[in-house]
Amino acid sequence: ENVCVKEDISSANSMVDVQLVVTFNDDTLARFFNATNVSGIDKARYLYAVDGLRWDETVINGENTVLPCVPENPVSRWKPRPDLSTSECTNTLTNRSSAAFAHALETSNDENPYLRDIYLWNDLDEDGCDEEDFDEYGMLVMTKEGCWENMYPDYMSIYDFTNYEDKHAADHSSDLAFITNWTAIGVIQFPSNHPMSYFEEEKLRYGNFKPVERYSYASTSRVNQGARYGDSIILDQFADQIALNNDATILKSLAEDIAVMTLSNKVVQNRGGGTLVCGSPNEVAPDPTLDDYFDVIHRDLACIGCQNSYGAYDKQKATVWAMNVLEGEDQLCQRMAWSLYEFLNVGAASNPDNTESNLYTYDILTRHCFGSYFDILKEMTFSPKMGEQFNFAESTSTRLTWDTSGVMVFPDENYAREIMQLYT
């Protein structure tokens, strides 16, 4: 029996776990200004997807825009071009670079229906661009799904232009009109007569364009965090980051006019999808009618009248363990489990007061007291106690660490050494 499972099964027949979700599309973006204007114009938000962003000579050699083929593991944005046939979807890239982009596009887990962001793993020659193509951009690439065009990294990203309207456009009536004229559409067209360096400068130096983030976990320059046209975000997270979470009137308006009730497992909140769910085999809910219980809270009896109390977790562990060992009808199994625990001892060296994980680990030994040693090691490997004791809790793969922090760190191998040195 597997204790940990990846839970990504559709719960379409269940309404137990749902969220109010905002999806950035023509309909919601066109209604957003009015939905936030219910508490007065001073709290209204000018939120747009930005079309017309393009590659030009003012940004291709800049510090803030990464070209799609550079050797520093770039993230690049692409849009589908179903209007182009195979004969029309051509480029001047080398075969190696074309193959690298096609592979990244075909294997991407990006579920946005209109755009696709890919990460190019350039550390291996066969996975990255040819050196001849490091300065290329805006190319077309044919894949099994059809043709894709490389776009400017912020193309159709969602930005909050409220600060621009407040700070800059107040002194420029034409700019003010330009920003406010798109509220009924929700997609702003960046002027073709403006260089792209203007957009970068307003965004980075002055902070007049504030990006809306699509992921709530820690930001990293190696993953494009910005929300895009077609992305979805949980309403609470969205309202929090644009500082509308304290206005009940606006929240009600957004919930009624913009958000849609959606099953939680349909909302992408991480880049991998699914959740690892771990429980205890044969675990059952407690029966409060039974008298076999222990007090979770230990009160400080030496302090008369004090309100001090704390969880006496070591006493909980000892109480439950002693009751099972001394009163259980499977005494031979209990003695075998104790012998195995002496050999595969965990708990004393790491977080000895953690009742749940200590008892969970000991249950592994009682379940397999007459079983296979291989099964014991397998379950012990997934035990939180082993992770604590031998340092592989929160250890990550080299790829993930490099992906998120740019540091080359190998996974912890202490537990593997322990298995070979002591446990087998």
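**View A. Lys-252 and Glu-256 both lie in helix α7, four residues apart, or about one turn of the helix.** The model shown is predicted; local features require a pLDDT of at least 70 and side-chain atom pairs a pLDDT of 80 or more, whereas totals for chains, interfaces and linings use all residues. Residues are numbered from 1 along each chain as its sequence is written, and side-chain values use heavy atoms, with hydrogens and water left out. Helices (H or I, at least four residues) and strands (E, at least two) are DSSP runs, numbered from the N terminus. An α-helix has 3.6 residues a turn, so residues three or four places apart point the same way. Lys-252 forms a salt bridge with Glu-256, and their closest N and O atoms are 2.7 Å apart. A salt bridge is a side-chain nitrogen of Lys or Arg within 4 Å of a carboxyl oxygen of Asp or Glu. By this rule the count comes to 15 salt bridges. Glu-256 is exposed, with a relative accessible area of 53%. The terms for accessibility are buried (under 20% relative accessible area), exposed (over 50%) and partly exposed (in between), with a 1.4 Å probe and protein chains only.

**View B. A salt bridge joins the side chains of Glu-379 and Arg-367, with an N to O distance of 2.4 Å.** Glu-379 belongs to helix α11 (residues 373-381) and Arg-367 to helix α10 (residues 355-367), so the pair ties together parts that are twelve residues apart in sequence. Glu-379 is buried at 12% relative accessible area, whereas Arg-367 counts as partly exposed at 29%.

View C. The side chains of Arg-228 and Asp-117 meet in a salt bridge of 3.5 Å, N to O. Arg-228 lies in the loop between β10 (210-211) and β11 (232-234) and Asp-117 in strand β5 (residues 116-119), so this pair ties together parts that are 111 residues apart in sequence. Arg-228 is buried, with a relative accessible area of 1%, and Asp-117 is also buried, at 4%.

**View D. Ser-97 is a buried residue, with a relative accessible area of 0%.** Its place is in helix α2 (residues 95-107). Leaving aside residues up to four places away in sequence, Ser-97 touches Cys-69, Cys-129, Asp-130 and Asp-133. Contact here means heavy atoms within 4.5 Å. The side chains of Ser-97 and Asp-133 are joined by a polar contact of 2.5 Å. A polar contact is a pair of N or O atoms within 3.5 Å; within protein, one must be able to donate a hydrogen and the other to accept it, and residues adjacent in sequence count only if both atoms are side-chain atoms.

**View E. Asp-56 occupies the loop between β3 (47-51) and β4 (75-80).** Asp-56 is buried, with a relative accessible area of 10%. Its side chain is joined to that of Thr-58 by a polar contact of 2.6 Å. When residues up to four places away in sequence are not counted, Asp-56 touches Pro-195 and Met-196. Asp-56 and Tyr-152 are 96 residues apart in sequence, and their C-alpha atoms are 9.2 Å apart in space.

**View F. Helix α5 (residues 196-204) has the buried residues Met-196, Phe-199, Glu-200, Glu-202 and Lys-203.** These residues cover an arc of only 165° around the axis, which puts them on the same side of α5. The arc is that of the directions from the helix axis to the C-beta atoms.

**View G. Met-156 has a positive phi of about 60° although it is not a glycine.** Most residues other than glycine have a negative phi. Met-156 is placed in the loop between β7 (146-151) and β8 (158-160) and is buried, with a relative accessible area of 9%. Ala-243, which is not a glycine, likewise has a positive phi of about 60°. Ala-243 sits in the loop between α6 (235-241) and α7 (248-257) and is exposed, with a relative accessible area of 54%.

**View H. A nonpolar patch on the surface is formed by Leu-332, Met-336 and Phe-370, with about 330 Å² of accessible area together.** Patches are made of residues with over 30% relative accessible area and no salt bridge; like charges are joined within 9 Å, and nonpolar side chains (Val, Leu, Ile, Met, Phe, Trp, Tyr) within 5 Å. Accessible areas come from the Shrake-Rupley method with a 1.4 Å probe, and for residues only the protein chains shown count as cover. Phe-370 is in the loop between α10 and α11 and counts as exposed at 57% relative accessibility.
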